[in-house]
Amino acid sequence: MPTYQLQNLTVRHLGASPAPALQAIDLTIEQGEQVALIGPSGAGKTTLLATLSLSHKPAEGSFQAFGVDPWALGEAARHRLRAQLFLAPQTPPLPPRQRVVTAVLAARLPQWPVWRALASLFKPADPQAAWQALSRFNLGDKLYSRVDRLSGGERQRCGLARLLLSPAKALLVDEPLSALDPALSELTLTTLREEAGARGATLICSLHQVDLALSHFPRIVALRDGRIEFDLPRAQVTPQMIAALYQGEPPAASKPPHDDAMAVKPGVGACL
Ligand SMILES: Nc1ncnc2c1ncn2[C@@H]1O[C@H](COP(=O)(O)OP(=O)(O)OP(=O)(O)O)[C@@H](O)[C@H]1O
């Protein structure tokens with residue numbers, strides 16, 4: 001059974017301009033596939049990931065996750081379905097005063113009874129698991145740091161460590177590299193792909209770094225102006241297609257010149 005089946009899907013943002021954020025989206029993603037979403041700013045990548053995580057209700061078209069239409073389910077059943085999906089947003093919503101260990105273990109809250117979730121706020125239930133997840137992103141030394149003392153890139157990796165602890169079968173990751181240097185970018189994508197592969201989870205990741213999308217992901221879905229421009233195995237994606245997709249707005253390089261690396265960081269860190 002596919003993880004997702006979307007047919008002729010339209011998604012609008014409430015109160016936004018009449019042009020939909022996504023339109024005529026046909027997309028089938030099989031369980032265990034690893035897919036990169038690319039496209040210029042405003043193309044609809046975040047909206048698509050939010051729709052796949054059941055945060056946006058489509059306006060039109062057909063949407064199925066794990067073979068069911070989530071929006072035809074009652075609230076409780078949809079909530080259970082949501083527990084199968086994990087969205088790691090570009091700016092993870094981490095409580096600023098919380099310790100990293102608590103924030104990471106929060107990924108397990110949906111599996112725990114209320115008493116255990118509350119107890120974990122005072123004494124982390126499984127710090128070893130949090131440390132292991134953080135270590136896979138080179139962040140083990142921040143286990144007991146406060147979230148608001150982390151840099152933008154550290155916070156982003158803290159959000160990804162949560163993903164490792166969630167039991168989800170679909171891992172949805174929005175721009176995981178925006179605050180990371182090239183070495184950490186490689187480590188992060190490799191870790192995400194290994195994790196998804198090891199547990200047979202579907203991985204869908206939006207990226208501005210087209211070279212990394214092509215080197216790490218077998219399937220590339222390109223969005224522009226809310227529509228799918230192409231959906232192809234990476235071997236069939238040509239430089240001409242990439243140039244047409246970005247039309248004058250060059251895709252981000254994964255290896256910025258040294259001076260640019262500093263210019264990228266501050267904007268992303270200002271997240272909470
Ligand atoms: N909360 C919102 N309210 C209204 N319109 C929105 C909202 N979020 C996004 N949009 C609009 O929806 C469209 C798609 O935006 P989206 O954030 O999905 O693009 P994106 O490809 O993820 O862009 P970026 O690469 O810059 O993150 C854009 O036209 C954007 O202005």
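Just after helix α1, Leu54 takes a positive phi of about 70°, where helices (H or I, at least four residues) and strands (E, at least two) are DSSP runs numbered from the N terminus. Most residues other than glycine have a negative phi, and most peptide bonds are trans. This is a predicted model, in which local features need pLDDT of at least 70 and side-chain atom pairs count only at pLDDT 80 or more, while totals for chains, interfaces and linings use all residues. Residues are numbered from 1 along each chain as its sequence is written.

Helix α1 itself covers residues 45-52, and because seven of its eight residues are buried, the helix is largely enclosed by the rest of the structure. Here a residue is called buried if 20 or more other C-beta atoms lie within 10 Å of its own, exposed if 12 or fewer, and partly exposed in between, with C-beta atoms placed from the backbone. The buried residues of α1 are Lys45, Thr47, Leu48, Leu49, Ala50, Thr51 and Leu52.

Pro70 is found in the loop between β4 (60-65) and α2 (75-82), and with 18 other C-beta atoms within 10 Å it is partly exposed. The C-alpha atoms of Pro70 and Thr102, which are 32 residues apart along the chain, are separated by 30 Å.

Seen as a whole, the protein chain has 10 helices and nine strands, and 40% of its 272 residues count as buried. Among its contacts between residues at least 6 apart in sequence, 70% join residues at least 24 apart.

Six of the strands form an open sheet with mixed pairing, in the order β5-β6-β7-β3-β8-β9, where two strands pair if DSSP finds at least two bridges between them. At the edges stand β5 (85-88) and β9 (227-233), and because each has a single partner strand, one side of each is left without a neighbour in the sheet. Strand β8 (residues 219-224) pairs with β9 in the antiparallel sense over six bridges, and Ala222 stands opposite Phe230 in β9. In the loop between β8 and β9 lies Asp225, which has a positive phi of about 50° although it is not a glycine; with 15 other C-beta atoms within 10 Å, Asp225 is partly exposed.

Another residue with a positive phi is Asn8, whose value is near 45°. Asn8 lies in strand β1 (residues 4-11), and it counts as exposed, with 12 C-beta neighbours inside 10 Å.

The chain can also be described by its domains, whose bounds come from an automatic or database domain assignment: domain 1 is given as 4-84 + 168-269 and domain 2 as 93-167. The contact between them takes 14 residues from domain 1 and 14 residues from domain 2. On the side of domain 1 that touches domain 2, the elements giving two or more residues are α7 (182-199) and α10 (258-269), and the largest share, five residues, comes from α7. The residues of this side divide into nine nonpolar, three polar and two charged, where Ala, Val, Leu, Ile, Met, Phe, Trp, Tyr, Cys and Pro count as nonpolar, Asp, Glu, Lys and Arg as charged, and the others, Gly among them, as polar.

Conventions
Contact = placed C-beta atoms within 7 Å.
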